[in-house]
Amino acid sequence: MDKQTLSFQAEVKQILHLVTHSLYSNKEIFLRELVSNASDACDKLRFEALNRPELYEDQPNLEVRVAFDADNRTITITDNGIGMSADEAVTHLGTIAKSGTREFMAALQGDQKKDAQLIGQFGVGFYSGFIVADRITVESRRAGLKPEEGVRWSSEGSGDFEVETLTRPARGTSVILHLREDEAEFLNGWKLKSIIGKYSDHISLPILMQKEEWDAEAKKQVTRDEWVPVNKAAALWTRNKSDITREEYDEFYKHLSYDTEAPLAFTHNRVEGRSEYTQLLFIPAKAPFDLWNRDKRGGVKLYVKRVFIMDDAEALMPVYLRFVKGVIDSNDLPLNVSRELLQESRDVKAIREGSTKRVLAMLESLADSEDAAEKAKYVAFWKDFGVVLKEGVGEDHANQERLAKLLRFASTHADEGVSFADYAGRMKEGQEAIYYITADSPAAARSSPQLEVFRKKGIEVLLLTDRVDEWMLSHLYEFDGKPLQSVAKGAVDLGKLQDESEKKQAEQAASAFKPVLDRLKEALKDRAKDVRVTTRLVDSPACLVVEEGDMSGHLARLLKQAGQSAPASMPILEVNAEHALVKRLDGHPHFDELAQILFDQALLAEGGQLEDPAAYVRRVNALLLS
C-alpha cells in the first residue's frame, strides 16, 4: 500500500485537541497507558494462541521494551503481542468505536479537565501520548501475517494521519513518541524507570530497558546492548500465600507505605463470587502524622488486572479506617476508572464492604487472641488508632456491633483496656446498665463527685475522656442488650443495687429539706433548671447533672472550644443533704451568696469554667472574713 493521508474521525479531532491543550497535570500518565496497551496486546496474543500456537512464531516469550533516544528526542514502547494489520491501524487509531466518547469530552471540558485519570476511561489511552509528543509513529505487524504486511501509522495530532505498508520482520507494535522540546525530562533512563516502577511494577510481563552504566573514561552514563527487566513482573498479591514469606510481606509493606517499621498485622485474600478481587491490606505499627486529618486520601492502592490505577482510592475503605495501607486488585472494574465512577460502582461497594469486614476480622483476631503477644499488639494498636476507630461507631451502622466489641476504655477498676464485654462480666448482681462518665481527662473523670456513690458501692464506671466519645455515644445506646447510662445524666437510680432503707432515707431527707430547696431554687433560678436532694453524693456538697436527652456540660464545652454554639440549657443542681456545708444553708445570713458558691464549686468540680471568676473570689473572701 502506498502512503495514504486520512482524516481522523470527528470525535478524535476534538479529543486530540483537548488532550493536547487541557491535560497539564500528571503528564507521566502517558507511559502508564502505552505500557498497559502493550501488555494488553500480549494478553490478546496469548488468548488467540490457545487455538493457534503458530501465532507465537519464533518468539514464545512475551515482553515489553521501553527505549529512549536523547539525540533524536524519542521514546519507543515495543511489544511482541498480537500487533495490527493496516486496516486495524486505521480502525483502532483513527476512530473511536466506543460509546461514551461524548461523556469523555464533556468531562475534559468541565471542572475536571486537568484530571489525567480520565485518560483511558473511554478507550482513548493511546492518545495520551500527545500530552508530551508533537508526533507519534506506530509501526506494527499482526501475528500470522507476512513480514511485508506490516504497517506504519503516523500523525502530528492534528486533523490527519498517514498510513503506509512496511516490511517488519517481528510481530507486535512499536509506538514511537517524538517529544516536544519542553518535555526533555522524559529522555532520562532513571525517570522512565521510576514511572514504570510507580505504575507498572506489577504487570506480569517483563518490562525491559537497556542497561545503563557509568563510563569512567567518558565520564558519563552509557547505554549497553543488554536488556534488563525494570519491573518485578510478578505481583506479590497474585502469588499463593504459602509461597510468600513474612519478610517479603514486610518489605512489600515498607515499599508501599514508605514506613520504616514492619506492619502490625496484615490480611491477604482472593475473593470470588459476584465481584472478583484480591486484597492485601496492612495495619501500620505506628500512627502516621496526618492520622487526624479526615480529608486525607486513603492509603489503599487500586489496581485493575495488575495495572496501577490510583494510590489513594478512598472509595475502597471507610474514612475511619484511613490508616489501613494496601492493595486491591479488581478483575471487574474498567481500566482507569475515575473517582466519580468509583463512588457509584456497585462492584466498588462490594469491595469496600468486603475489605472493611476483613480489616475488622483482623483486629478481632488480635483482640480476642489467647496469645499474649497478639493481645499486646492490639493494645499497641488501640493506643495509636483507637480514637479513629471510634469514629466508625457513628459512621458504619452495618458494623456497629463489631466495632463496639473492639472498643477499649479506662474505668474506675482499671487504668486501660476495659472492653464492654469485660465490664459486663464484672457487673454486680442486679445491675442493669453499663455506667460511664465523660470528662476532659482521666484525672477529672476519676475525681468527679458523680462517681461517689458508685465508688462506695463498688460499681465499676467507664471513664471516657476522648473528644470523640460524646459524639460516639450519641449513636451507641446499648451493648449486648444492656443500656449505656451516663452517671451525670438524670436522677441516679441504682435499682436493685439500692436497698429500701436508703430510698426511704433519701425521701425523708428531701421532705425535711424542702424549705431550703425552695430557697435554693429561687436564688439560682437564672443558673439552674432545678435543685434537688441526691443520693449520688457521699463526700461532696453538690454536683451538676443534666436531664436525660439534654446535652452534657462536657459536650457543650467541646462545641464551644470548636467555635460552635451549643443549645441553651441549664443544668440541675443536686445537693447532699448530709453534708455540713449544705446544712449550714438553713438560716444562714448570707444564704444567696453561699448558694452561688455551692453552684460554682459544683461547676468547677465537673471541669467547667466560671463565667465570672472574680465574683466567685469575692464571695469566698467575704465568707472567710465573716
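Two strands count as paired if DSSP finds at least two bridges between them. Keep that in mind for the legends below, which walk through a predicted model.

**View 1. The whole chain, before we zoom in.** This predicted chain holds 20 helices and 22 strands. Of its 626 residues, 50% count as buried. Take the contacts between residues at least 6 apart in sequence: 71% of them join residues at least 24 apart.

**View 2. An open sheet of 9 strands.** Reading across the sheet, the order is S1-S6-S5-S4-S7-S3-S2-S8-S9, and the pairing is mixed. Which strands sit at the edges? They are S1 (4-7) and S9 (220-229), each of which pairs on one side only. On average, neighbouring strands here are turned by 25° against each other, direction ignored. Helix H2 (residues 29-48) touches S2 (64-69), S3, S7 and S8 (207-215), and its direction makes about 20° with that of S3. Helix H3 (residues 86-94) touches S1, S4 (133-141), S5 (150-155) and S6 (160-166), with its direction at about 25° to that of S5.

**View 3. Strand S7 and its two partners.** Now look at strand S7 (residues 172-179), which has strand S3 (residues 74-79) as an antiparallel partner, joined through 6 bridges. To find your way along this pairing, look for Thr76, whose bridge partner in S7 is Ile176, and for Ile77, which is partnered with Val175. S4 also runs antiparallel to S7, and 8 bridges join the two. Here Ala133 has Leu179 of S7 as its bridge partner. How many residues of S7 are buried? The count is 8 of 8. Both faces are covered, with Gly172, Ser174, Ile176 and His178 on one side and Thr173, Val175, Leu177 and Leu179 on the other.

View 4. Is Thr5 buried or exposed? Its relative accessible area is 53%, and exposed means over 50%, so Thr5 counts as exposed. Leaving aside residues up to four places away in sequence, Thr5 touches Asp160, Phe161 and Glu162. Ser155 is 150 residues away along the chain, yet the C-alpha atoms of Thr5 and Ser155 are separated by 9.6 Å.

**View 5. Helix H6 and the face it hides.** Helix H6 (residues 246-257) has 12 residues and reaches 16 Å from its first C-alpha to its last, close to the 16 Å expected at 1.5 Å a residue. Which residues of H6 are buried? They are Tyr249, Asp250, Phe252, Tyr253, Leu256 and Ser257. Seen down the helix axis, these buried residues fall within an arc of 165°, so they line one face of H6. What covers them includes four strands: S10 (265-271), S11 (277-283), S12 (299-304) and S14 (325-330). Just after the helix comes Tyr258, which takes a positive phi of about 60°.

**View 6. Gln431 in a loop.** Gln431 lies in the loop between helix H11 (420-425) and strand S16 (434-438). Why does Gln431 count as buried? Its relative accessibility is 10%, and buried means under 20%, so it qualifies. The side chain of Gln431 is joined to that of Tyr423 by a polar contact of 2.9 Å. The Gln431 side chain also reaches the backbone oxygen of Ala433, at 2.8 Å.

**View 7. Strand S22 between two neighbours.** Strand S22 (residues 572-575) pairs with strand S20 (residues 530-533) through 4 bridges, and these two run parallel. In this pairing, Val531 stands opposite Leu573. Strand S21 (residues 542-545) pairs with S22 in the antiparallel sense, over 4 bridges, and Val545 stands opposite Ile572. Are the faces of S22 covered or open? Both are covered: Ile572 and Glu574 are buried on one side, and Leu573 and Val575 are buried on the other.

Definitions and conventions. Residues are numbered from 1 along each chain as its sequence is written. This is a predicted model: local features need pLDDT of at least 70, side-chain atom pairs count only at pLDDT 80 or more; totals for chains, interfaces and linings use all residues. Side-chain values use heavy atoms; hydrogens and water are left out. Buried means under 20% relative accessible area, exposed over 50%, partly exposed in between (1.4 Å probe, protein chains only). A polar contact is a pair of N or O atoms within 3.5 Å; within protein, one must be able to donate a hydrogen and the other to accept it, and residues adjacent in sequence count only if both atoms are side-chain atoms. The expected span of a helix is 1.5 Å times one less than its number of residues. The arc is that of the directions from the helix axis to the C-beta atoms. Contact means heavy atoms within 4.5 Å. Axes are lines fitted to C-alpha atoms, for helices over the stretch in contact, and angles run from 0 to 180 degrees between N-to-C directions.
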